Structure formats: structure tokens, C-alpha cells
Amino acid sequence: MAVLDAQTFRNYVGGEWVDAASGETFESTSPATGERLGTFPRSAADDVERAVAAAKAAWEEWRLVPAPKRGEILYRFANLLAEQKDELAELMSREMGKVLPEAGGDVQEAIDMSLYMAGEGRRLFGHTTPSELRDKFMMSVRMPVGVVGAITPWNFPIAIPSWKIAPALVCGNTVVLKPAEETPLMAERFVELFEEAGLPPGVLNVVHGFGEDAGDALVRHPDVPIITFTGHRETGIHVTKAAADALKHVHLELGGKNAIIVMDDADLELAVEGIVWSAFGTSGQRCTAASRVIVHERVYDALQRKLVAAAESMRLGVGWDESTDLGPVISGAALDRIHSYTQVGRDEGARLLTGGEIASDGELEKGFYYRPTVFGDVEPQMRIAQEEIFGPTTALIPVRDFDEAVRAANGIKYGLSSAIFTRDVDRAFRAMRDLQTGITYVNAGTTGAEVHLPFGGTKDTGNGHREAGQAALDVFTEWKSIYVDYSGRLQRAQIDNVERPAP
Ligand code: NAD
């Protein structure tokens, strides 16, 4: 990959590229090498003000653009993403750290979501239903709401903005995006491609900066009726409180502590493959990462041996090297937090089976690398089995039977994803029914959503909304019920619904 020329980037407001009013900046650096990738405006409330004003003004026209035409822009955007997929994946690997195939998958998810939502331009179905009165027609339609404030994390820096922005736009809203401060370069490229796809000025605006200033100002802005947020549980609570006084719609996608159950009749080779992919992929920095593996005691030793061997064979390195299995974690602070959980696990009496170390030999010394870590003999109530670590650490929890496995899986505050490896169809169906998560996989790991089903979680993973699929449309529209009376006289529902001859 060519060495990137670190440049100065700007906010995108009303179709113009502009600096922060304060002139302050921050830098994006590679977690793999420490290389400086670019300088970005450190925005604050007045920058948010300008972006919201642009989005509000653009909404007046955008809401009237026919939805199929809005969809056509998403088709063009998807095509541009596809054309530039390899280049975007390399940049993402550099800025965020994930390995190239996963970075390509991140871009592909945005392509898929944009195509799916482009198609919504010709659907956006409402309902018609018969009236109780004669000569009266009734329907419900989805209405755009206005300016959407989208606040996104760094771990899927192209996919997650697309999950929010594609449905928001096709539904007729305009958007102000506050991307994660760790991955501003990806957000910049994302918006450039929308500009190239022909999105009118002001329909999508980007304000770079930190959560506590730009993010908070967006959440509190009175002209932003919808906040769609993905990030930590604690940040989500903060966002909810900040938005409460204005009674905003708040859509939250928060953390996870996802479990894979391995029963005694499972295909163990397949289960290990699924665990490795789900626990260590993206260095464990996925909301759907499998940070718990709940194993039937009859296969516990065999599974543990296979998993430890697989973890120890993983090669750490920069994400854009094809021989790398595991890239860096996002920052020095993340590395410290992940490492601190290794001490927590030891102190709690769990058995460290492999990993548990910062990797800094040779070239790794320039970045933030952590060895894939497996704890054995973990009890469900231990902190390492309860708290989101967001790193390449997973906890093996032995259980005696299916019921104990389900109890352990459900005994946490999160409810995003779950998985079961079993060949018993009865158990598989009971798991689908009893696991309290928004997503359940049978004979696959906890990660790997497709865009046309709802994505999100129960309990503290969110607040009842869903991203993706048809469910996403509910976040970005309000239902309007419309009654058309063509009887030529006043008819009162519930009062005049007695048989009368037609006029
Ligand atoms: P984070 O909460 O630190 O930050 C997310 C975004 O919120 C960033 O853009 C940040 O600047 C902004 N922010 C921070 N404080 C804010 C405030 N006070 N007001 C407004 N905005 C603020 O999360 P992160 O480290 O970027 O992401 C990791 C977390 O995201 C994990 O918990 C992970 O599980 C979760 N996640 C969830 C999903 C999902 O769909 N459920 C997907 C990906 C990541």
C-alpha cells in the first residue's frame, strides 16, 4: 500500500468543506503503526449549529424529492463504494486496524445496505384498510421526521454510518453525522462518495470532533428530533438523558457480552472455527464478539485444547499484510483496559490458558497489539464473564447441561447476539426460543449479520429499536394515518357506522 500523505481535512456543511469555527484540530493516527493519517477539525457547538441549520434548510426540499429518486442516489453511492472497495478497505485497515478481508466486509455491508435501502425508495410500504363507513378511504403512510443526528463508533467505520444514513435518507430525512474521533478519515471518504453520487448540498453534513463537545451539542440541538447512536452502554445512557428534555426519538445500539454455547453433540471443529472468528475477529472489537464460550462438560477439555491451539497459531501484525490474522486494537487506552481485564480474571480465580499479554516484539512495538487470550474455568458471575472487554479475550464457562447453558447465557445485562452449536434439532429450537438476544445463530458464531434482517439487541444492548431490515424504517419515519371521506356529508366514526343507503 502506498504511504498516505497526511492531509488536513474539513467538516462538510451545506455542501461546503469548512474548518471548525475555533480553528482547533485533532489528528487521526494508525493504531497499527502510529503513522499520522490526517488532521481534522475539532468541532464544537457552533459548528454543530451551522450543520443543523444546513440540514434543516435542505430538508424542506429533500422531503419532497420522490423516494425512488432518493433511492437512485443510494444506488449510485453503492456503485461508487463497490468501485473503491479495495482502496477503502486498505485505508480502513490503516486507520482502524482490522485485517483486509474484514475491512472489505465492512465496505460490502455498506454496499448491501445502500442497495437494500435504495430499493426501499420504490417500496416504503404503508397500509390500506377498509373503513367502517361507506365512501371513505383509509391509509397509513411513512413520513420523514426532519434532521437526524447520527453518532457512530470506530469499529465499523463505513458499515455503521451506512446503516443509519441510507435508511434516514431514503425515508426523506436529512442528516448531521458526528463520526467517531478515532476514524474521521473513513467518514470523510464516506461523505465524499455521497457528494460524488449527487446528494444535494445540506442533505448530509459531517461534523468531526469529540463526543463530549460536538456529539453532546448534536444530541441537545432543538432542531434535531431523531438521534441514532451506536456506542458504549454508558454513553447511550448519557445520550438518552441529554435528549430527554426535548422528548427526542433516541435509537440506541449498545454493547454486548455474547455467548457461544457448545453442546456435547456439536461438531467441535466447526465450533472452534466459529469461536475463533467470533472471539478474535476484529481483535474482539465487535459488538457481536463472542467473549463467552459456554461448553458442555463432556466436550470441555477437547474444545479447550483445540481453541488454545488455534489461538496460539494466530499471527499478529498490520491489517494490510495478507499473512496477518489479528490486527491491533484501537488505542493505547483500549490496550490498557483489555490488559487490566486479564488481571481481573486472574484475581477472580479464572485460569489463563493462553495470551494475556501485550505483544510488542519487532514491528508490533509501534502499535497496540494484544495476544488472543483464553480464560478457562470461568464462572458465569465473574467480571470477565459479565463486562464487555472489547478485545481479543474470551472466557470458557463449563456447564453440565442445556438448561444451565441457557441460564449462563442469559445471566448478563446485555442481549445482542448468541449462538449454539448442536446437532439436536429440539435443542436448537429451544435455544432459538429461550436465548434472550436480538440475534441467535445455530451452528455458526455470534457475528455475521445480513442487512435485510433487523439488527440489534434486547436488555441493555439498546432501547427496543432495530437497525437494518424493514425495522430500520421505523426509526426514521413517523406513521401518518390518513382518512379520505368522499361521501359528501359529515360521517362520524363509531357514531354513524350504522347501515345507510348510499347517496
Ligand atoms: P463510545 O460510546 O465511546 O463512542 C461512540 C460515539 O459516541 C463516538 O462518536 C463518540 O465521540 C460519541 N460520544 C461519546 N460521548 C458522547 C456524548 N457525551 N454525547 C454524544 N456523543 C458522544 O463507543 P466506541 O468506543 O466508539 O464504540 C464501542 C462500543 O460500541 C462498544 O460498546 C460496542 O459494543 C458498541 N457497538 C455496538 C453496536 C451495535 O450495533 N449494538 C455496533 C458497534 C459497536
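Select the ligand in this predicted model and show the residues around it: there are 28, and Lys 178, Glu 181, Thr 235, Leu 254 and Glu 388 come nearest. Colour this shell by residue class to see 13 nonpolar, 10 polar and five charged residues.

- Pick the side chain of Glu 181: one of its polar atoms is 2.6 Å from a ligand oxygen.
- Move to the backbone of His 232, where an N or O atom lies 2.9 Å from an oxygen atom of the ligand.
- Then go to Leu 254, whose backbone places a polar atom 2.8 Å from a nitrogen atom of the ligand.

Now put a surface on the protein. Of the 850 Å² of accessible area that the ligand has on its own, the protein covers 92%.

Switch to a cartoon and select 211-220, 226-230 and 233-244. These are α7, β11 and α8, and each of them supplies at least two residues of the shell around the ligand.

Finally, colour by domain, with 44-254 and 462-481 as domain 1 and 258-442 as domain 2.

How values were computed: Residues numbered from 1 in each chain as written. Predicted model: local features only at pLDDT ≥ 70, side-chain atom pairs only at ≥ 80, totals over all residues. Heavy atoms only, no water. Near = heavy atom within 4 Å. Polar contact = N/O pair within 3.5 Å; in protein donor to acceptor, adjacent residues only side chain to side chain. Areas by Shrake-Rupley, 256 points an atom, 1.4 Å probe, with all protein chains shown as cover. Helix = DSSP H or I, 4+ residues; strand = E, 2+ residues; numbered from the N terminus. Nonpolar A, V, L, I, M, F, W, Y, C, P; charged D, E, K, R; others polar. Domains from an automatic or database assignment.
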